[in-house]
Amino acid sequence: MLKTILVANRGEIAVRVVRACRDLGVRSVVAYSAADRDSLAVELADDAVCLGPAPAGQSYQDISAILYACARTGADGVHPGYGFLSEDPAFAATCEEVGLTFVGPSSGHIGAMGDKSLARTTAARAGVPVLPGSAAPVRGLAEATEVAARIGYPVALKAVAGAGGKGIAVVGTPGELAAAFDETTRAAGAVLADPRVYVERFLPRARHIEVQVLGDRHGTVVDLGERDCSVQRRHQKLVEECPAPALDTALRERLRTAAKACAREIGYHSAGTVEFLVGADGSAYFIEMNTRLQVEHPVTEQSTGVDLVEWMIRIASGEPLGPRQEDIRLRAHCVEARVTAEDHTSGWRSSAGRVTGLRLPAGPGIRVDTHLFDGYFVPPHYDSLLAKVIATGETREQALRRLGRALHEFRCDGVRTNVDFHRALLRTTEFQAGTHRLDIADEVLAVAGTSGEDGNR
């Protein structure tokens with residue numbers, strides 16, 4: 001077992017990893033920026049070290065500063081959380097070179113699946129259906145035009161290095177392609193440092209279904225069921241649930257088998273997620289594999305009883321995977337709502353400020369993963385996630401009722417939040433029936449825009 005893990009992240013995921021370390025008897029060190037000096041993760045960890053000033057490039061994404069922090073604090077492992085360096089193959093490779101254990105997959109796995117075009121090829125080689133599109137990054141507008149004409153509109157232009165909803169553009173007609181191609185390649189080059197894009201058929205009104213997998217260093221791969229993540233805004237997830245509602249048993253099994261085939265194709269170890277688009281006719285296509293812990297991992301933990309963060313650490317320490325496939329059962333229904341410091345009634349404008357009057361929900365079936373506390377200052381520098389409210393029930397109906405109760409209890413004065421968006425979502429007939437698709441958030445916003453709902457409480 002690793003002795004000391006440096007947590008190279010912030011916010012709720014840093015708190016989550018620190019708690020997992022403590023449960024395992026592993027010493028934790030939180031590496032923080034100057035803006036997070038007074039954070040909950042810093043307070044709870046066994047040790048903490050400042051990486052640098054607030055900008056992520058000078059702190060959470062500064063590989064040299066993190067390696068120095070590991071050396072200074074005696075860490076033998078580093079957990080990247082999600083975002084920042086969690087899917088940076090160069091960071092993982094550097095850890096490998098200097099003898100640090102990266103709590104995640106190998107740099108080779110990250111590189112193989114981080115290139116989204118190469119990931120399509122890998123999935124196809126594993127026998128998993130992929131959407132029709134270009135076999136490799138397109139070499140210019142002319143090739144993009146040829147591919148789009150061949151597979152038919154609408155199409156999606158996707159950045160090869162895309163992540164977190166960045167670098168995706170949907171093109172409805174041939175006349176829109178040139179401008180979208182120029183904009184996407186330029187943005188991908190600026191934000192993702194890789195301007196290459198590929199073309200894929202766009203599946204309108206699809207569902208986003210993903211499968212959680214765990215693999216160890218001894219060749220064992222299991223799946224932990226699927227999650228529905230169809231409630232999204234600009235390709236960013238807002239609500240997730242496990243298991244996915246309104247899927248027939250045959251489709252669930254097909255997705256789970258395909259996810260494990262992807263992971264086995266590259267000899268994957270650690271936690272990972274294989275994502276699919278599912279059409280109205282039940283057709284399912286691979287879209288990408290995320291080689292890290294997902295924000296939405298708690299719904300799988302609550303449904304299966306498997307602690308994913310603990311197993312990431314155990315796997316990184318060389319332990320064989322404990323849960324066997326036959327041991328894993330989806331024993332409850334879980335729904336997670338992401339509470340962000342954003343005002344959905346004002347174009348999802350970010351909000352910063354000091355939290356006052358904080359009241360977190362509790363009671364049967366409610367788990368809240370957060371770094372908030374009364375008096376905490378929400379800095380303007382980072383992702384807007386404040387808390388994840390996770391409701392668990394014996395049935396989906398019970399889980400949704402508990403989520404509604406929890407959102408009613410949630411109070412966070414001092415910053416604007418999107419809690420009212422979630423309350424409005426819960427009232428929609430489609431979401432209640434579990435038949436919602438990727439455009440459900442737009443429908444909720446259309447209604448909220450005319451109802452004048454407050455974006456705070």
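Student: Which residues is Q58 in contact with, once its neighbours within four places in sequence are left aside?

Tutor: In this predicted model, Q58 is in contact with L51, G52 and P53 when those neighbours are left aside, and the term contact rests on heavy atoms lying within 4.5 Å. The place of Q58 is in the loop between β3 (47–52) and α3 (63–73).

Student: Why does Q58 count as partly exposed?

Tutor: Its relative accessibility is 43%, and partly exposed covers what lies between the buried limit, under 20%, and the exposed limit, over 50%; Q58 therefore counts as partly exposed.

Student: How far apart are Q58 and S33 in sequence and in space?

Tutor: They are 25 residues apart in sequence, while their C-alpha atoms are 8.4 Å apart in space.

Student: What makes helix α13 (residues 419–427) largely enclosed by the rest of the structure?

Tutor: Of its 9 residues, 8 are buried, so the helix is largely enclosed; the buried residues are V419, D420, F421, H422, R423, A424, L425 and L426, and buried here requires under 20% relative accessible area.

Student: Which members of the largest nonpolar core touch the most other members?

Tutor: Among its 60 residues, these are L6, V30, I66, V78, L214 and I313. Helix α1 (residues 11–24) supplies the largest share of this core, with 8 residues. Apart from this core lies another, of 35 residues, including V239, Y376, A391 and F410.

Student: What does L6 touch, not counting residues up to four places away in sequence?

Tutor: L6 touches, among others, V29, A31, V49, I66 and V78.

Methods. Residues are numbered from 1 along each chain as its sequence is written. This is a predicted model: local features need pLDDT of at least 70, side-chain atom pairs count only at pLDDT 80 or more; totals for chains, interfaces and linings use all residues. Side-chain values use heavy atoms; hydrogens and water are left out. A nonpolar core is a set of buried Ala, Val, Leu, Ile, Met, Phe, Trp, Tyr and Cys residues joined through side-chain atoms within 4.5 Å. Buried means under 20% relative accessible area, exposed over 50%, partly exposed in between (1.4 Å probe, protein chains only). Helices (H or I, at least four residues) and strands (E, at least two) are DSSP runs, numbered from the N terminus.
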